[in-house]
Every structure is written in structure tokens, then in C-alpha cells.
2 protein chains.
Amino acid sequence: MTNKTKRFLLPEERIPTQWYNIQADMPVKPQPFLHPKTHEPLQAEDLFPIFNEECSRQEMDCTHRWIEIPDEVRDLYKQYRATPLVRAYELEKALQTPAHIYFKNESVSPVGSHKLNSALAQAYYCKREGVTNVTTETGAGQWGTALAYACRAFGLELAVYMVKVSFMQKPYRRSLMQTFGAQVTASPSMSTRAGKDVITAAPTCNGSLGIAISEAIELATTTPHCKYALGSVLNHVALHQTVIGLEAEQQMEMAGEWPDKVIACFGGGSNFGGIAFPFMRHNLAGSRQTEFIAAEPASCPKLTRGKFMYDFGDESGYTPLLPMYTLGHEFQPANIHAGGLRYHGAGVIISQLLREGRLRGVDIEQNESFKAGVLFARTEGIVPAPESCHAIAATVREALRCREEGRSEVLLFNLSGHGLIDMTAYDSYLSGDLVDFAPSDEEIERGLAGAVSL
Amino acid sequence: MTNKTKRFLLPEERIPTQWYNIQADMPVKPQPFLHPKTHEPLQAEDLFPIFNEECSRQEMDCTHRWIEIPDEVRDLYKQYRATPLVRAYELEKALQTPAHIYFKNESVSPVGSHKLNSALAQAYYCKREGVTNVTTETGAGQWGTALAYACRAFGLELAVYMVKVSFMQKPYRRSLMQTFGAQVTASPSMSTRAGKDVITAAPTCNGSLGIAISEAIELATTTPHCKYALGSVLNHVALHQTVIGLEAEQQMEMAGEWPDKVIACFGGGSNFGGIAFPFMRHNLAGSRQTEFIAAEPASCPKLTRGKFMYDFGDESGYTPLLPMYTLGHEFQPANIHAGGLRYHGAGVIISQLLREGRLRGVDIEQNESFKAGVLFARTEGIVPAPESCHAIAATVREALRCREEGRSEVLLFNLSGHGLIDMTAYDSYLSGDLVDFAPSDEEIERGLAGAVSL
């Protein structure tokens with residue numbers, strides 16, 4: 001093996017200069033966002049009160065296939081990009097699979113995950129537009145950490161609402177955001193009407209991304225020169241993440257292979273879209289037939305058990321209505337450790353692509369995800385984030401299928417982050433305390449009652 | 001800045017194939033190790049009961065300038081090496097310094113520090129020699145984590161004695177070692193005579209590297225097919241770490257510069273030697289005049305306030321007597337967060353080089369180290385390990401001196417690891433709770449009373 005290349009590296013000049021906007025290539029464009037009250041289709045301008053203007057325009061852009069990465073953003077990308085593409089020889093050996101397993105290692109980002117790719121872009125646009133304060137939510141804390149560093153890099157103040165269960169499970173993430181200079185509040189909090197409403201109704205509520213988003217939006221819309229930034233779900237976030245897949249495409253060519261399957265974990269869809277869309281463009285052009293697998297937690301199964309409906313992105317209904325696969329914005333996901341996957345809805349682009357059968361969702365139980373994560377740690381040396389464990393588990397399933405079928409497929413997954421700040425989750429798994437959760441059909445029906453059929 | 005290169009990367013084929021053994025080039029060779037009882041000089045064979053044979057030979061090797069890196073080790077190096085050399089433009093800007101600051105980023109190792117460079121080598125040699133079980137000590141946990149992964153990679157069982165104060169301060173490190181499959185015990189423990197002796201005398205003892213080493217050696221020497229592995233101090237460990245400096249040398253050439261100062265934090269000396277020795281060989285050959293700065297904690301100042309004497313490497317006197325700068329093997333360092341620097345003695349090679357004035361020690365207070373670490377995090381995005389913060393603080397001092405003097409020097413420091421698992425330390429710093437410690441002259445004299453004048 002000594003003469004085989006393990007890591008495929010790109011020099012700085014080959015870091016992409018443009019993001020890929022899959023909306024331009026989609027044969028059926030996503031349905032429009034709707035006004036929460038009037039149900040009228042929205043324009044980019046309608047998002048300006050919440051988001052910075054450039055991201056609002058990117059959100060609705062169905063015409064420009066390539067969007068320039070601003071020099072200031074690309075310059076900070078150079079602190080960690082291009083990230084390595086790695087051939088997981090040791091994992092292959094352990095699984096005795098004829099499959100070739102590659103992973104894109106986004107965990108080498110200084111904040112430990114892919115989230116920085118969009119955080120830097122969003123912070124930059126805010127700065128350029130004269131915004132001084134930014135608000136956001138964070139689940140497991142990966143997004144909040146990334147945005148905390150990005151805001152610091154561009155001289156912006158950041159307030160983070162952190163889902164309470166993660167705030168308690170992951171104190172190191174809170175410290176990390178504070179080290180970068182952000183202000184962190186557990187959500188639901190008493191600092192917003194949205195938070196107060198939840199606490200009043202359910203004082204022991206552990207929070208959810210939906211609630212935290214409501215709190216962050218409320219703060220943004222009631223504070224001068226303040227905008228809200230979201231870490232997933234929206235189209236512009238996935239757009240920024242395509243830097244992952246665009247690099248991976250060049251690196252797969254260096255390896256002389258092309259993926260048969262592209263696999264990523266699925267929360268709101270930005271990490272999935274980030275690695276998948278650049279490869280999917282060749283499918284859309286008819287030149288490739290790659291399969292795409294989105295690994296979601298069995299406890300929050302919007303892709304496999306949700307419905308395509310119009311729904312709010314947050315708990316309190318502050319966002320526009322989004323056309324998406326959803327479990328309902330009032331669905332309360334179980335307290336799994338993969339906090340970044342505890343979200344009720346799927347991104348708008350991905351929801352449309354899923355309707356057309358261009359990707360496939362798979363459900364992964366918590367214990368299966370950590371089993372795969374520990375195997376990965378012991379073979380490739382990297383302890384994966386609980387979210388990323390879902391992608392690894394889906395990859396292991398495929399690799400074992402390849403072994404059974406005697407097929408040598410090429411599997412590529414995105415290692416979205418490392419789990420060094422999630423060790424309590426590994427403690428639970430190793431001590432056998434980890435519980436699997438799957439909602440009953442009744443719970444899903446109850447959640448969906450809050451979504452809007454149009 | 002956009003067209004300037006930030007990260008200097010080496011392709012896999014330029015990962016060094018040999019380590020650099022500075023002992024071959026030293027004009028005055030280190031004094032011999034002595035038998036703890038007879039005080040007779042030791043040969044490599046005398047170390048076989050404790051260490052694997054190859055490392056024992058490397059320890060005493062004063063003739064071979066270049067030592068082959070085994071293919072099996074180099075192959076696993078490829079999982080993370082070559083590590084990037086980074087130009088810290090954002091840090092320079094924040095300091096308004098004309099200095100050019102570079103850092104070698106060892107924090108991208110999958111276990112988060114440089115320690116893996118020697119762990120993989122030691123585990124490989126153990127495996128090759130038929131060893132089945134390995135013991136070690138760990139302070140902050142960086143070494144234990146690295147060896148846990150290395151032992152897993154080569155199919156060896158590992159027992160780790162973790163200094164009690166770190167065991168309590170850094171539970172995630174414990175989890176991490178367990179995730180890699182190691183057995184972890186807080187030291188002092190009741191599982192060894194050495195540990196029992198300490199607990200009997202001082203039931204609330206927080207432990208030290210010296211005590212943990214005694215426990216690990218005792219277990220190794222009383223267990224069949226079991227060897228002890230050390231993460232710093234010894235010559236063979238620094239030898240394996242020279243892969244850092246040998247890469248950095250190539251990368252500085254890519255950058256078209258040569259360091260005026262090479263800076264590293266100092267615990268036992270392996271991270272310092274790893275980056276310094278390859279550059280120092282040009283000083284020894286008379287072709288360069290680089291300065292070398294070892295940053296030690298003010299609370300454990302063996303380089304600046306210790307004495308050059310013969311002393312034991314461990315608390316209980318199980319090791320040979322080593323000729324080194326020491327505070328005495330019974331010196332109890334204060335409970336600083338940089339657990340990896342809480343060691344009473346300096347490596348034998350470095351001690352000899354320090355006697356000859358070929359490097360300089362500087363003392364850094366805990367608060368100064370974290371102040372520099374937070375600045376680094378906020379400018380370069382990487383939260384440094386508390387140990388590495390000492391190197392950064394020393395670099396900041398030099399950069400500010402450059403600013404005062406209007407000199408554009410080239411500074412290179414080793415970022416030995418990240419601090420993502422040390423966030424409680426940052427919490428303490430940010431909340432103003434962090435205490436500075438420096439031993440009194442009496443404490444140092446008391447410690448030195450246990451060292452041996454020969």
C-alpha cells in the first residue's frame with residue numbers, strides 16, 4: 001500500500017473561484033416561498049428584513065449557474081481549504097469490502113466542520129452591507145462555532161441561541177463560541193417572546209432548532225443593523241457548501257475514479273447539497289448516473305416518513321412558508337446526540353430533487369451510527385461528529401452490500417466534522433446507555449397537522 | 001493578500017523517508033545514562049526490560065545521522081502528513097508587526113497533536129518485536145490519545161495512567177482514549193506499588209507525569225510481553241518528531257524564506273526537538289545562525305531555573321539516571337492547564353545543547369499563554385492547546401519586539417496541537433479565574449534535593 005496515494009490534495013490556486021448554483025440546471029424549479037400570512041409568492045426583497053441582501057438574492061436565483069466567491073471569502077478559505085480527499089484503505093480492510101471508499105475531510109476546518117464554508121460567506125456579505133450585529137441558532141454547536149469565528153474575522157458581533165439540550169450536553173461548544181467572542185444563550189430563553197411562549201407552555205422543554213431559529217429571527221428583526229444567518233436548510237447555504245463537491249470532483253479525477261454513490265448525513269441539507277450538487281450536475285446533464293444517498297436519523301425522518309408540504313422553517317412561524325419535505329414545524333425530535341440533524345424540514349432544493357427521485361433517503365438508528373463512528377475512528381484515526389456518523393453508517397451499509405454482491409463500487413462520503421467535542425455521546429455509546437428513538441406514526445401525524453397544505 | 005499563498009503543502013512523496021538524528025552531529029555527545037543503583041553507564045541492552053529494542057538502540061545512537069522511517073509507519077503518516085506550514089497573515093495584522101510569522105500546523109493530526117508521530121513508530125516497533133501489551137502515562141491526554149490510536153492501528157492492547165488532575169479536568173480525553181480502545185486509569189492509582197506509596201503519603205495528591213511514569217513502568221516490567229512507551233523526554237521520541245522540522249524545512253524553502261527564530265513550547269522536549277533539530281543541523285554545520293527558543297511554563301521552569309544534574313525521569317526512581325536540566329524528580333508542579341508541560345526534567349539532548357548555549361528558554365505565565373492563545377484563535381481560527389499557547393506567547397513577544405525595533409524577522413513556531421478538548425481552561429481564562437504560579441526559590445531547592453550530583 002505504501003506507494004498508493006491516501007490523501008489527494010489541491011494547491012491553493014485550485015480552490016474553486018465560483019460556487020455551483022444547481023437551481024440554474026434544475027429541469028423543474030423549486031416552488032416559490034410564500035408569505036406566512038398572505039400566502040403570496042415572495043421575491044428576494046421580501047427576505048431583506050431577515051437576511052442580508054446578497055444571500056436573499058442567491059436564495060431565489062434560478063438563472064446564474066456559477067456565482068463568484070468573493071476574494072475576501074476565498075482568502076479565508078485558504079486557512080483550511082482545499083480540504084483533503086482521503087481513500088479510506090484501513091476502513092475498507094476492516095470491512096473486507098471490494099468497494100473503494102473515499103471521504104472528503106471537512107473536519108480539518110479550524111472550527112471542526114464544513115459549516116465555516118457558508119459562515120464566512122454570510123459574515124462577509126453582512127459586513128459589506130453595513131450590518132454590525134448578527135444572530136443565529138445552533139444545534140450541536142458546529143454552526144454557531146463557525147459563525148462565531150467568521151463574525152470575528154469580519155469584525156461583527158454575534159448572538160447565538162443554542163438548543164438547550166446541546167447547551168447542556170456540549171459545554172465545550174459554548175466555551176468555543178465564547179472564545180471566538182460570541183454571546184451564547186440557551187434556547188428556549190426568556191429573552192424573546194418566542195422563547196417565553198415555549199417556556200410558559202412547557203417549562204422543561206429541551207429546545208429544538210425550530211425554536212432557536214424563532215428566537216434568533218425575533219432578535220434580528222427587532223435590533224438595528226442586525227441580520228439573521230442560518231446554517232443550513234436554505235438554498236444559499238447549500239450554494240456556499242458546493243465548494244466541497246467542486247473540490248472533490250477535481251480530487252476524484254486525480255484519483256482516476258468517479259463515485260458510484262455520493263453519501264452525506266442530512267439535517268437541513270447543506271452538507272449533503274454541498275458534496276452532492278456538483279456531482280449531480282453531471283447527472284442532470286445526462287453524462288453520469290451517480291446515486292445520491294442522504295442519511296438521516298431514524299428519530300427525525302423527514303425524507304423517508306415526512307410529507308412534501310408548505311411549512312414554516314421555525315417553531316413560531318416567523319419564516320416564510322417553504323415547500324419542503326417536513327415532519328411539521330411543531331414536531332419535537334428526540335434528544336439524540338446528533339443535534340445538527342434534529343430539524344423537522346428538508347431544504348427546498350433537495351425536497352424538489354427528492355420528489356423527482358434524484359436522491360434517496362435512508363434512516364439510521366443512533367446506535368448504528370455510533371457503531372460505524374467507532375469503527376471509523378479505530379481505522380482512520382478520526383473521531384467523527386455524531387452527525388457524520390450517519391453518513392459513515394450509510395457508507396458501511398453500502399460497503400457490506402458490495403461485499404455480498406462482490407461488486408467493486410466507488411463510494412464517496414462527506415466527513416462533515418469531527419466529534420472531539422462530542423465525547424459524552426461516545427461515552428454513552430461505549431457504556432451501552434445509548435437509546436434508539438423512532439417516532440410513532442401518530443407522533444408524525446400530530447407534527448404534520450401544523451404544516452400547511454396548499 | 002489574495003494572491004499570496006497562506007498554506008504550504010507537500011505532496012505525499014515528499015513526506016520524509018528518514019528521521020534526523022542530531023546526536024550524530026553534536027560536537028559534544030550527551031553524557032551516558034546511569035544505572036539507578038550502581039551508577040554505571042548504561043548500554044542500549046540495559047533498556048530492553050522497559051522499552052522495545054529498536055527504540056532502546058535509537059536512544060543511544062550517536063553515529064547514524066539518518067534513520068529510516070519504516071514503510072508501515074510512513075504509510076500511516078500519510079493519513080495526516082505532510083502537515084501544512086501556514087503563514088499567519090491575520091495574526092501579523094493584529095500584532096501590527098513587520099515580522100513574518102509561520103506556524104507548522106501539527107493540530108491537523110487526527111488525534112489533534114504531534115504526538116502521533118512517535119506513537120506510530122513506537123507501536124510499530126513493539127508489534128514487530130512480538131510485544132502484545134503496551135503501557136504509558138499521559139498528562140493532558142494528548143500522548144495517551146495518540147498512543148491509543150497507534151496501538152489500535154497495530155493491534156496492541158494499551159493501558160494508560162492519566163495524571164489525576166487532567167483525568168478530572170479533561171474527561172473528553174479519557175473518552176477519546178477509550179473510543180480508540182485503550183484502558184485508562186487515574187494516577188496515582190492503587191493498582192501499583194508506586195501509586196499506593198504516593199496515595200498513602202498524600203491521599204489528595206493530584207498526580208504528576210513523574211508518578212504516572214512510575215506506575216506505567218511498574219506495570220510494564222511486571223507483565224509478560226509488555227513494554228512501556230514514553231511520549232517525550234527521551235532521545236528516540238525527539239528523533240521521531242524530526243519529521244516535523246524536516247517537512248517545515250522543505251516548506252520554508254517553498255515560501256522562499258528561512259526562520260530567524262524557531263519557537264516551540266517545552267514539556268519534555270520532543271515537540272521542541274522535532275521542529276528545532278532539523279534547522280539546528282545547519283547551525284551545527286556552520287551554514288545558518290537560526291535562534292531557538294523553548295517556551296516553558298513559569299510554574300515548571302526547568303530550563304531557566306533548574307540545574308543540570310543526574311536525575312530520575314520518574315517519581316519513584318524506576319528509570320535510569322539521566323543527565324538533564326531538572327527541578328528534581330520530586331518537584332510537584334502547580335496544576336496548570338498545560339498538563340503536557342508539567343514535567344520536572346528536560347530531555348537529555350536538549351539539556352546538553354542548552355549547556356552549550358544553542359537554545360534559549362523563556363518562562364511564560366499561564367495568563368500570558370491564554371491571552372496569546374485567544375488572540376491566535378480569533379485571528380487564525382484555530383483554538384490552540386494550552387501547551388501550544390506557550391509557543392504562541394513566546395512568538396508574540398518576538399513579534400512585538402520586531403515591531404519596536406522595526407525589524408522584519410522570520411518567526412516559525414510549532415503549533416503542537418489544538419485545544420478543542422481543553423475548553424474548560426479557556427472558560428477559566430475568559431472568566432478571569434486563571435491563576436499564575438511560579439515556584440519559590442525554596443520550593444525549587446527542596447525539589448532539587450532529590451536529584452543526584454555526580
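## Aromatic pairs

Rings of Phe, Tyr and Trp, the last by its six-membered ring, count as a pair if their centres lie within 6.5 Å. In this predicted model, that rule gives 31 aromatic pairs over all chains.

One of them joins Phe103(A) and Phe413(A). The ring centres are 5.6 Å apart and the planes meet at 25°. Planes under 30 degrees apart count as stacked, so this pair is stacked. Phe103(A) sits in strand β5 (residues 100-105) of chain A, and Phe413(A) in strand β15 (residues 410-415) of chain A.

Phe376(A) belongs to helix α14 (residues 366-380) of chain A, whereas Phe413(A) is in strand β15 of chain A. The pair therefore ties together parts that are 37 residues apart in sequence.

Phe413(A) is buried, with a relative accessible area of 0%. Phe376(A) is also buried, with a value of 0%.

## Charges over rings

Chain B has arginines placed over aromatic faces. Arg288(B) lies over the face of Trp258(B), 4.0 Å from the ring centre. Arg355(B) lies over the face of Phe308(B), 3.9 Å from the ring centre.

In chain A, helix α8 (residues 193-201) meets helix α9 (residues 209-221). Their axes come within 7 Å and cross at roughly 145°. From α8(A), the contact draws on Arg193(A), Ala194(A), Gly195(A) and Val198(A). From α9(A), it draws on Ile211(A), Ser214(A), Glu215(A) and Glu218(A). The contact residues divide into three nonpolar, two polar and three charged.

## An enclosed helix in chain B

Helix α7 (residues 171-179) of chain B has nine residues, and seven of them are buried. The helix is therefore largely enclosed by the rest of the structure. The buried residues are Tyr172(B), Arg173(B), Arg174(B), Ser175(B), Leu176(B), Met177(B) and Thr179(B). Gly181(B) follows α7(B), and its phi is positive, near 100°.

## A buried glutamine

Gln241(A) is placed in helix α10 (residues 235-255) of chain A. Its relative accessible area is 0%, so Gln241(A) is buried.

What does Gln241(A) touch, not counting residues up to four places away in sequence? Its contacts are His114(A), Lys115(A), Asn117(A), Ser118(A), Ser270(A) and Gly274(A).

## How the chains relate

Chain B superposes on chain A by a rotation of 180°, with 0.0 Å of shift along the axis. The RMSD of this superposition is 0.0 Å. That is the relation of a two-fold axis. The same surface serves both copies, as 100% of the contact residues of chain B recur in chain A.

Notes
Residues numbered from 1 in each chain as written. Chains lettered and ligands numbered in written order. Predicted model: local features only at pLDDT ≥ 70, side-chain atom pairs only at ≥ 80, totals over all residues. Heavy atoms only, no water. Axes fitted to C-alpha atoms, helices over the stretch in contact; angles between N-to-C directions. Helix = DSSP H or I, 4+ residues; strand = E, 2+ residues; numbered from the N terminus. Contact = heavy atoms within 4.5 Å. Nonpolar A, V, L, I, M, F, W, Y, C, P; charged D, E, K, R; others polar. Least-squares fit on C-alpha atoms with pLDDT ≥ 70 in both. Phe/Tyr/Trp six-rings, centres within 6.5 Å; stacked < 30°, edge-to-face > 60°. Buried < 20%, exposed > 50% of the residue type's maximum accessible area, 1.4 Å probe, protein only. Lys NZ or Arg CZ within 6 Å of the ring centre and 35° of its normal.
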